[in-house]
Structures are given as C-alpha cells and as structure tokens.
Amino acid sequence: MHRLRTIGVAGYLLLLYGFIFLPVVTLVLFSFQEGRFPIPPFNGPSLKWYQAVFSDNKLTSALFNSLMVALISSLVSCLLGFLAAYGFARYRLPGAAPIKAAITAPLTVSYLIIGFGLLVTFNMIGVSRSLLTVGIGHVVINTPLCFAIIYASMGDHQLNIERAARDLGANDWQVMLRVTAPMLLPSIIAAYFLSVTFSWDEFIIAFLLSRFDVTLPVEIWSLLRSGLNPKTNAVGSVVFLISVVIVLLLEFIIFRRGAPRDRKS
Amino acid sequence: MPSEAALQRKGWAFVVPALLWTLAFFIIPFAVMVMYSLWQRAGTSLVKTWSFDNYASFFEKSHFVAGLINSLEITALVTVISIVLAYPLAWIIAERVSPRWQRMALILAILPFWTSYVVRSYAWLLVLSRNGYLNQTLINLGVIDTPLEIAATRVATVTGFVHFFVMLLTLTIYANLVQLSPNYRRAAADLGANGFQTFWHVILPLTIPGVMVGAFLTFVLCIGDYITPQILGGNNELVLPQIIMLQITRRADFPTAAALSIILMVVISIAYIACARWLKMERT
C-alpha cells in the first residue's frame with residue numbers, strides 16, 4: 001500500500017514535470033537544428049541559427065530596446081510603488097482605501113484593455129507611438145505590482161527602528177532613504193526584477209503602442225509569420241536564458257541569504 | 001510635534017506620484033475608451049454623437065456573441081483543468097518532498113514560466129503541429145497512423161493555457177499549503193481522522209481561499225489573452241480578445257473595439273465580485 005502510493009506520487013511528478021518541460025526542451029533542442037525546419041528528426045547540433053540571430057540587426061536592436069524599456073520603466077514603477085507604500089504604511093490617511101484600490105486597479109484589467117485605452121488616448125491628443133509610450137504603458141502595469149510587494153513587506157516591526165532614527169535627529173528623507181529603504185531592500189529588489197521580467201516579456205501593450213522601434217516580443221511576433229523556423233527557436237532560447245539567469249540570481253542572492261525557511265507553527 | 005493635518009499632507013505627498021500616474025495613464029484612458037465606445041465609425045471618420053449602437057450591435061452580430069461564449073468556455077475549461085492538475089503537484093511538493101528540496105522542486109516546476117509569452121505558445125506549436133514532436137512520437141510508437149490535427153484547434157489553445165496556469169496555480173496553492181499550521185493536522189489525527197479524512201475535511205477547506213485567488217488570476221489572465229489563442233488556436237474559433245484585435249488592427253474600428261473591451265471588462269468585474277471575499281489584500 002505504502003509502496004503503491006510512492007509509485008503513484010513519483011509517476012505524477014514525472015508526468016507533470018514532463019508536461020511542464022516538454023515545450024521548453026523542444027524549443028531549446030531544435031534551436032540547435034542543422035536543417036531548415038525545427039521538427040523531428042533532430043540533425044544537429046549546430047550553432048548556425050544563433051549566429052543568424054546575432055547577425056540580424058532587427059533582432060539585436062529589438063533586444064536592446066526591450067532591455068532599455070524594461071530597466072527604465074521598472075525603475076519608475078519601483079519608485080512610484082515604494083513612495084506610495086511608504087505613505088500608506090507610515091501615515092494615518094483617512095479615506096486611503098479607495099485610493100489604494102485605484103492604484104492597484106490595473107492589476108485586474110487585461111493588458112489588452114490597458115494598451116488599447118492608452119492607444120486611443122494618445123491618438124486623440126496626437127502623441128505618436130514610440131518606445132516611450134510603451135514604457136509608459138509598462139509603468140502602468142508594474143506600479144501596482146511593485147506597490148503591492150513593497151507594501152506587504154512594510155511591517156510595524158520596522159517602525160521602532162525608524163522612530164529611533166528620528167529620535168537620533170534624522171529628518172524624514174534621511175529616515176526613508178537610509179533606514180526604511182535599506183531594510184526593505186530585498187522586497188524592493190524582488191519587485192524591481194519581477195517588473196523587469198514582466199516588462200521585457202510583455203507583448204500586447206508593446207505591440208499596440210510601438211511603431212518603428214519595437215521590443216523583442218513584437219519582433220519575435222513578426223518572425224512567427226514565416227512559420228516554424230529554427231531561428232525563432234534560437235531567439236526564444238536566448239530570451240529564456242536571460243530570464244532564468246535573472247530569476248536564479250534573485251533566488252540565490254536575495255532569498256538564500258537568511259536561514260532556510262521553516263514552517264510557521 | 002507637527003499637527004495631524006500636516007502629517008496627513010506629508011503622507012499624501014508620498015502617494016501622489018503613483019496616484020497621478022494611475023490617473024493620467026489608466027483612469028483617463030479608460031474614460032476616453034468609454035467615450036469612444038459611445039461614438040460611431042463612419043468610413044474613415046468618427047461620428048461623435050453618443051449612442052449605445054455599438055453595444056446593441058454586439059448582441060445582434062452572432063460572431064461577437066460566439067466570441068464571448070468561446071472565451072467563457074475556454075476559460076472555464078482551463079481554470080478547472082489547471083486546478084485539478086496543479087493541486088496534487090503543489091501538495092506533493094509541500095508534503096512528500098523533503099524540506100531541503102522543496103524550494104528546488106518549486107523553482108523547477110515554475111521555471112518555464114519565465115519563457116517569453118510569445119515564445120511559449122510557439123514552443124507548443126512545435127510540439128503539437130502536424131509534423132511536430134507529439135505526432136512523430138505517436139506514429140513511431142505505432143499508436144496512430146495519420147498525424148492528429150491538434151494545432152489550430154481549441155485543444156491546442158487549452159493545452160497552451162493549461163501549461164501556463166498549472167505553473168501559476170502550483171505556486172499559489174503551494175504557498176497556501178505551507179502556511180497551514182501543523183496543529184490542524186495533529187488535532188485531526190488526535191480526533192481519529194485518517195490521512196484522507198484529514199485532507200478532505202481539514203486541509204482542503206483551509207486552502208480554498210488560496211485556490212480561489214489562483215482561480216481568479218487564471219480567469220482574468222486567460223479571458224483577456226490574445227497571444228495563446230492567436231498562435232495556437234488559429235483563426236477557427238475566435239475568442240473575444242482576437243475579435244477586439246481584429247477591430248483595432250484590420251478594420252481600425254476603434255469605437256467597436258472599445259465597446260467590446262468594455263464588455264470584456266464587465267465580464268471580468270462580475271468574476272471579481274464573485275471572488276471578492278477571497279481577494280482582500282493584507283499587510284503582514
């Protein structure tokens with residue numbers, strides 16, 4: 001009976017992990033395909049499609065655009081989110097609930113609707129589409145995320161340390177920048193990198209709000225029109241690698257610093 | 001001591017930047033979209049008289065209604081299948097995997113989450129296409145003679161979605177399971193419950209809030225998504241976001257697209273109200 005259950009558990013794990021990894025493994029494997037189609041049989045390994053990706057100006061400039069938009073828009077999102085979280089957590093503000101709801105509202109609205117709303121608005125007031133408008137859209141979707149993450153980590157236990165700093169003569173800005181922000185650094189960094197990965201991966205807003213200069217997901221989208229192509233596999237694998245590196249860095253640098261997490265009891 | 005009013009002013013000053021951004025680039029655009037939905041397109045120009053014609057035409061045109069029904073059916077199917085697959089996985093990771101390896105198992109389970117959204121759908125196309133991995137394997141194993149036509153069907157769309165949401169739900173359900181105090185389990189065991197009874201009567205009900213949060217997230221992200229149905233489902237059974245995108249990119253009919261977007265939002269709001277009691281944001 002016990003043995004049977006162990007086999008069942010192992011089988012389920014194998015099945016689900018297999019399902020989860022099937023597309024990724026297929027993607028990466030056939031990026032090394034020698035032939036022109038990323039379908040079996042595999043006849044690699046060859047790096048020629050990676051070469052094709054890095055010698056394609058459109059793709060490399062889209063990669064650069066994506067990184068710029070992600071890094072800068074996430075900085076703005078984190079700053080806005082942190083300030084708002086600080087205001088709500090440290091000051092008693094009557095009527096705060098509806099304002100909090102307004103700031104977090106974009107989390108519950110589809111990116112398509114946010115992007116389209118911005119498109120018609122920019123259209124109406126005559127703002128032309130560019131990477132700047134894409135960045136503005138990404139700040140809209142990431143600010144509530146940063147706010148929620150940072151706000152959730154602002155506990156009352158940090159309040160005493162801030163009071164102590166004030167008693168020792170620090171002014172408001174000194175308290176915020178030199179006491180509160182360093183204490184919250186892990187969650188601020190987590191919020192920043194989460195925004196970076198969301199922005200860097202975002203398609204629909206970038207598609208609707210960009211024109212001549214596009215971000216990587218939009219460029220990949222136009223690659224898809226040529227059907228199944230190992231070059232798409234190669235660029236997809238590169239994107240995956242960059243995201244995984246960011247996530248693993250986060251995991252090992254920030255979350256592993258403390259003692260291993262144990263259960264609350 | 002600064003006065004209460006001065007303190008409040010200072011507090012609001014911290015909130016204002018985020019609030020202004022939300023106002024300028026979220027709330028106002030939303031209002032503009034509502035306004036557009038009440039206007040009409042005539043040829044290439046806009047008729048700026050207010051009417052509900054765009055909303056009326058939603059219910060008159062059967063392919064619009066069909067799009068909404070497709071969206072709801074696919075979303076419901078995806079949400080249910082994803083929960084049924086993810087719950088046991090989260091439970092196994094939380095209960096059967098030794099604490100040392102839990103974090104690793106979880107990171108592995110959600111690693112493909114970080115592939116680009118567009119690329120992930122494309123990767124499923126590689127697997128499911130006529131000459132793809134799945135068909136070739138099944139033919140080589142002698143299970144089938146002719147390739148299955150999965151790409152460009154609803155099955156492909158649902159598969160792509162379920163893949164994404166199994167990862168998301170595993171994460172939320174796991175987080176919920178490990179937060180439960182072991183005292184519940186001890187109390188249930190002391191009172192004579194066996195493993196299954198403990199799970200069914202104690203653990204499962206306690207994790208329902210977490211499951212509901214995950215289900216709501218799945219619903220919102222799934223019903224509003226354009227990429228997965230467009231890449232995997234093709235143009236056979238359009239879902240509402242595909243129809244909205246067609247109005248924007250092909251027909252440049254912003255008023256109709258705006259009305260359809262509002263209808264999509266109303267559907268999401270209904271789901272939000274239904275789940276509201278589980279979705280309270282809390283500060284620890």
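What covers the buried residues of α12(B)? Keep that in mind as you tour this predicted model, where local features need pLDDT of at least 70, side-chain atom pairs count only at pLDDT 80 or more, and totals for chains, interfaces and linings use all residues. Residues are numbered from 1 along each chain as its sequence is written, while chains are lettered from A and ligands numbered from 1 in the order in which they are written.

First, select residues 254-275 of chain B, helix α12 (helices are DSSP runs of H or I with at least four residues, strands runs of E with at least two, numbered from the N terminus). Its end C-alpha atoms lie 31 Å apart, which agrees with the 32 Å that 22 residues should span at 1.5 Å times one less than the number of residues.

Now colour its buried residues, among them F254(B), P255(B) and L264(B) (buried means 20 or more other C-beta atoms, placed from the backbone, within 10 Å of the residue's own). The cover includes α5 (111-125) of chain A, along with α1, β1, α2, α3 and α11 of chain B.

Next, show the contact between the chains: 75 residues come from chain A and 76 residues from chain B (contact means C-beta atoms, placed from the backbone, within 7 Å). On the side of chain A that touches chain B, α1(A) gives the most, with 13 residues.

Finally, select α1(A), residues 2-29, which reaches 38 Å from first C-alpha to last. Stop at F21(A), where a kink of about 45 degrees lies shortly before P23(A) (the angle between axes fitted to the seven residues ending there and the seven starting there). P23(A) is buried, as are I20(A), V24(A), T26(A) and L27(A).

Methods:
A residue is buried if 20 or more other C-beta atoms lie within 10 Å of its own, exposed if 12 or fewer, and partly exposed in between; C-beta atoms are placed from the backbone. Two residues are in contact if their C-beta atoms, placed from the backbone, lie within 7 Å.
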